[in-house]
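The sequence and structure come first, followed by notes grouped by topic.

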Amino acid sequence: SQVSIRPEDIQVATSPGESGGEIKGRVVLDETLTLYRLLTVELDGDQGPASGDSRGRTSLKVLSEKESKFGLGDEVWLRPDLGKAHYFERTTGAAIL
């Protein structure tokens, strides 16, 4: 199966939380939009293939406040809201309820 989550449903922090459910990564792209910043975060320790990434690394897009102070190369922790995730069958693309 495959999991999809919208960038606005992932919180980004500069340190791990107490829950231990965060995903550690590093900021590799910071795009300023009108109201937000769109961060591309490359996940640490992952060697799996990612579409569009020639190095075979997995990355996630995350929306952050426009005033946030994340820089390229910064270590960050992601907290996805899994209640808002969507699950799909990888081979057919059919939604899994």
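In this predicted model, five strands make up an open sheet with antiparallel pairing, ordered β2-β6-β3-β4-β5. The edges are formed by β2 (10-13) and β5 (59-65), each of which pairs on one side only. On average, neighbouring strands of this sheet are turned by 45 degrees against each other, direction ignored.

- Backbone hydrogen bonds pair the strands of a sheet, in either a parallel or an antiparallel arrangement.
- Side chains of a regular strand alternate between the two faces of the sheet.

**Pairing of β3 with β4**

- Strand β3 covers residues 23-32, and strand β4 covers residues 36-43.
- Seven bridges link β3 and β4, which pair in the antiparallel sense.
- The two strands β3 and β4 form a hairpin, with three residues between them.
- Asp 30 lies opposite Leu 39 of β4.
- Gly 25 lies opposite Leu 43 of β4.

**Pairing of β3 with β6**

- Strand β6 spans residues 75-80 and runs antiparallel to β3, with four bridges joining the two.
- Gly 25 faces Val 76 of β6.

**Gly 25 between two strands**

- In the order of the sheet, β3 stands between β6 and β4.
- Gly 25 has Val 76 opposite in β6 and Leu 43 opposite in β4.

Conventions. Residues are numbered from 1 along each chain as its sequence is written. This is a predicted model: local features need pLDDT of at least 70, side-chain atom pairs count only at pLDDT 80 or more; totals for chains, interfaces and linings use all residues. Side-chain values use heavy atoms; hydrogens and water are left out. Two strands pair if DSSP finds at least two bridges between them. Axes are lines fitted to C-alpha atoms, for helices over the stretch in contact, and angles run from 0 to 180 degrees between N-to-C directions.
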